[in-house]
Amino acid sequence: MADTNQSIHSEWSSRFAFILAATGSAVGLGNIWKFPYITGENGGGAFVIIYLICVAAIGIPIMIAETMMGRRGRQSPINTLKVLTKEAGANTNWHYLGWLGVIAGFFILSYYSVIAGWSMAYVVKAFTGSFSGQSALEINNLFADLQASPGVQIFWHTVFMVATMAVVARGVQGGLEKAVRFLMPGLFILLMLLVAYAMTTGAYLQGLEFMFKPDFSEITGASVLTAMGHAFFTLSLGMGAIMVYGSYLPKGISIAKTTILIAGADTLVALLAGIAIFPIVFANGLEVGSGPGLIFQTLPIAFGNMTGGWLFGLLFFVLLVFAALSSAISLIEPAVAWCVEHYDIERKKACVVMGFLTWLLGLGTVFSFNNWSDVTFFGATIFESLDFLTANLMLPLGGFFIALFAGRVMLSKDSKEELDLGDDRLFDLWKFLVSYVAPAAVFIVFLHVLGVFS
Ligand code: TRP
């Protein structure tokens, strides 16, 4: 194992390549699939505001911290933490934080792949014209059939996992840089098209009102936790994904500016997805809180009703699958990078092992929608439990410790040198946010959910 601050993996070819990869990681199912349905379940506007505050006050400072730590440590998160604790002369137990991240990434990918599989199934449905002229009820039935069928879901889950591991096996810098380059603009254009369709539904204003008019009486401790957890999830924070990407970042690139750009793009995509989806929900008398099927029950209605809809639908789901793929690889990269460093094995072998384990765990999610829908932990299905455990607990907890590490354990001179903000006041602001604001916010939300304040 190398213990100098030299990467044994390769570097991004430029700042732009890092932006593409990190945006590729951030923008994914979290923005288009998860954000709208949790906004629907948590009452809309007030939830959106809390989410935006969490992105700005907690997400961005922690994203800067993760990228900075990765670039300084230059290894997988576990070994980066070892290197950085040594540099700061701190307690060696900090590297367990890397483990928390590896496990969180593995859990998330297990269900992420199943949902990406649904998107793949929808590529085929769009291609065969299944949406055209269908009523909301018929579209709903298409989704219900998919959910009821473990076989179909396992098939697509398998295809998606194989694709993910094939990309990771080649090293994340290769094909990925190129894919994201057309993916992001493409996704953006199709979302704008969906927003244009939403304007024709007659419920556009109602949709906007739902998303942006806050009603704080809808907010509970649990929804604040969900909003905060989602800020981590959507920016790929709290588990080392951005840290590992940061470790491939060449020196001399402004981390702060780059990060703000990425977070901004990510937020924009999520908001656009919501703006497109809610008018369709209201116009068709659907249920805002209908859960993880929401995009699959709404967007096909739009595609089924617009001219050339089959083509746009096809393009949209293809792009969604690619967006999921560019996120999925960052979920498993920390685990793979660690295997390569620790066991000194080939990347390919590490991928086969990790990919298989993730696939296996993913079966739990597949069955939670049908055969095992009554297998629950504290009233949550396997899928819901994995989602809650990771997004609402492990990521914020990981983020809490990452923030403390960057703010309180790393020496100021090291983080200042690495960030190279050029302005001491900006550095102080960042340091204040990661040392106090972000950890305190996570802590308070946790206490709140534990019922300490009620
Ligand atoms: N951010 C991605 C999305 O919104 C998911 C993701 C990729 C992720 N890497 C991550 C979430 C690391 C948490 C941690 O779809």
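**Close-up views of a predicted model**

**View 1. Ser330 and the ligand.** A polar atom in the side chain of Ser330 sits 2.9 Å from a nitrogen atom of the ligand. The protein covers 100% of the ligand's accessible area, which is 370 Å² for the ligand on its own. The model shown here and in the other views is predicted.

View 2. The ligand is surrounded by 17 residues. Ala26, Gly30, Tyr112, Phe233 and Ser330 are the closest of these.

**View 3. The side chain of Ser326 reaches the backbone of Gly24.** Ser326 is a residue of helix α14. Its side chain comes to 2.9 Å from the backbone oxygen of Gly24. With a relative accessibility of 3%, Ser326 is classed as buried, since the limit for a buried residue is under 20%.

**View 4. Phe316 in the largest nonpolar core.** This core holds 164 residues. Phe316, together with Trp33 and Met69, touches the most other members. Helix α14, which runs over residues 309-343, contributes the most to the core, with 19 residues. Leaving aside residues up to four places away in sequence, Phe316 touches Ile32, Leu190, Leu191, Leu194, Leu299 and Phe303.

View 5. The side chain of Thr85 reaches the backbone oxygen of Leu81 at a distance of 2.7 Å. When residues up to four places away in sequence are not counted, Thr85 touches Ala90, Asn91, Trp94 and Phe405. Thr85 counts as buried because its relative accessibility is 3%, and the buried class lies under 20%.

**View 6. Phe356 on helix α15.** Residues 347-368 form helix α15, and Phe356 lies within this helix. Phe356 has a relative accessibility of 47% and therefore counts as partly exposed; the exposed class begins over 50%. The C-alpha atom of Phe356 is separated by 8.4 Å from that of Met161. Along the chain, these two residues are 195 residues apart.

**View 7. The whole chain, for orientation.** The chain contains 18 helices and zero strands. Its radius of gyration, 21 Å, is close to the 22 Å given by the globule rule for 454 residues, so the chain is as compact as a globular protein of that length. The C-alpha trace spans about 65 × 50 × 40 Å along its principal axes. Of the 454 residues, 61% are buried. Among contacts between residues at least 6 apart in sequence, 84% join residues at least 24 apart. The chain exposes about 17200 Å², and carbon and sulfur atoms supply 66% of this area.

How values were computed
Residues numbered from 1 in each chain as written. Predicted model: local features only at pLDDT ≥ 70, side-chain atom pairs only at ≥ 80, totals over all residues. Heavy atoms only, no water. Core = buried A, V, L, I, M, F, W, Y, C linked by side-chain atoms within 4.5 Å. Buried < 20%, exposed > 50% of the residue type's maximum accessible area, 1.4 Å probe, protein only. Helix = DSSP H or I, 4+ residues; strand = E, 2+ residues; numbered from the N terminus. Contact = heavy atoms within 4.5 Å. Near = heavy atom within 4 Å. Polar contact = N/O pair within 3.5 Å; in protein donor to acceptor, adjacent residues only side chain to side chain. Areas by Shrake-Rupley, 256 points an atom, 1.4 Å probe, with all protein chains shown as cover. Rg over C-alpha atoms; globule rule 2.2 N^0.38 Å.
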